[in-house]
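Visitor: Hey, I've got a structure open here and I'm new to this. Can you walk me through it?
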Amino acid sequence: MTETASVPVNVITVSNLIKQFGRFAALRGITAEFSGGKLYAILGDNGAGKTTLLRTLAGLNQPSSGEVTILGARKFHDICRQVGYMAHPSLLYDEMSGMENLEYFARLYGITDGTRCAEVIRAVILSVGLDPDLVRPVGQYSQGMRQRMSLARALLNDPAILLLDEPFSNVDSRSAAEMVGLLARCREQGKAIFVVTHQGSLLENTADEFVWMEYGKIVARTRDLKRPENAEDPSR
Amino acid sequence: MSAPTGITRATLFKDLRLEWRSKDAINSMLFFSLLVVVVFSFSFDPTAEESRQIAGGLIWVAFLFAAVVALNQTWAREIRNQVLDAYRVSPAPANSLFIAKTLGNFIFVAVLEALMTPLFIVFYRLRALGPVWQLILVAALGTWALVVNGTFFAAMSLRTRSREIMLPLLLFPISIPALLAMVQSTTAILNGEGAHFWIVLLVTYDLVFTTACLLLFETVLNAE
């Protein structure tokens, strides 16, 4: 983990970030700083802008205005090897097995050495509690298995920053607890982890900060799951 | 092997593997082409001489429409489960994806042509009076012209609501010069006439549009 050891204090700096889709403003002037080695739970109602924020951090949405600096770089492409992204859909090919999927994505990250590649993939699949020798195509996995394989794909390149969108949706409570344990271990390695979720209680004892979003703004950042009463009302 | 070449190869093999397992594109293409061959053959029942005059147009129209099926499928796989986003967040170059997709589509359409050509020969009693190697050259250049633009425009229409309608609307008008060259050169070769001008036109078309697509694809891939 040499890459994560040299992570600067503020791994992500967001400055007056605005994202508009036509006339609709999904993000309305977000300014925030996030550190390495921490797990952030991003909470809020549907339409609060959580996924848009995550996609913008992942370079999939371009800001309408404002700035995003990740690991000191303003262009996402310069640091994309340092970021792991897990979306609500699986980002996996249904017709291929988990191993085949990850072999393909490993190549995209330049992990091409046959033996090393196989070792990395097996390790990452085992880390999410799945069997690397499972030949069944991903399309025949249960939703929980698919979510875990999707997390394995995000961890494949040993990223310094993990962006996870609803990783626990449709996952049974035992598997979700295992995933939380894995995220805690990743945080101990110095990774900055951002989890967009509606199941904040799963991260109650693990998250370092709860980031509350409403109407495209961060309205509060708390140490515990209780949203403060005096949080800024962004609708005003 | 350089990294972009390796990614192109990995993406191409992945697409071939997915098609081998699903057979989505090749089955639809074969069925459609077969229908065109049989229906036109029974409708017109042409003599060998008439066949040489119309076969160029008939063959390429059949392949053009069949190719659209493959072109739509090629990106549909990437949209399912939003797998394309996984590619976009990776350090892999956009053009590696484009080249792999274009090569994959070229292989699918080439396989279709290889399977359908004997049927065309039988049903239309075709016998080329010109050199056969020129026909093979025109087939390769014409297929590349269809798939390079088709792959590009299919990616462009990816995020539109009715992308299966959008693709032909974008692709067919821009393919007219290539289609004209393909039909004219095929007819000329079948009738034992010179096709040099049309082959040069096809080569030029392929070079211009391949370059333009490579230059523009990254913008198309990252469009929101």
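This is a predicted model: local features need pLDDT of at least 70, side-chain atom pairs count only at pLDDT 80 or more; totals for chains, interfaces and linings use all residues.

Visitor: Pick one. What is A:Ile193 in contact with?
Guide: Leaving aside neighbours within four places in sequence, A:Ile193 has contacts with A:Leu39, A:Tyr40, A:Leu162, A:Leu164, A:Leu183, A:Cys186 and A:Arg187.

Visitor: New topic: what's the strand order in the open sheet of chain A?
Guide: The order is β2-β1-β4, three strands with antiparallel pairing. β2 (24–35) and β4 (65–70) of chain A each have a single partner strand, so one side of each is left without a neighbour in the sheet. From one strand to the next, the twist averages 15°.

Visitor: How many bridges join β1 to β4 in chain A?
Guide: Five, with β1 covering residues 10–21. As an example, A:Ile18 has A:Ser65 in β4(A) as its bridge partner.

Visitor: And which helix lies across those strands?
Guide: Helix α2 of chain A, residues 50–57, lies across β1, β2 and β4 of chain A and runs at about 60° to β2(A).

Visitor: Last one: where does pLDDT stay under 50 in chain A?
Guide: Over residues 1–5, for which the model has nine contacts beyond four places in sequence. The mean pLDDT of chain A is 90, and 94% of its residues reach 70 or more.

Terms used
Residues are numbered from 1 along each chain as its sequence is written. Chains are lettered from A and ligands numbered from 1 in the order in which they are written. pLDDT is the predictor's confidence in each residue, from 0 to 100. Two residues are in contact if their C-beta atoms, placed from the backbone, lie within 7 Å. Two strands pair if DSSP finds at least two bridges between them. Helices (H or I, at least four residues) and strands (E, at least two) are DSSP runs, numbered from the N terminus. Axes are lines fitted to C-alpha atoms, for helices over the stretch in contact, and angles run from 0 to 180 degrees between N-to-C directions.
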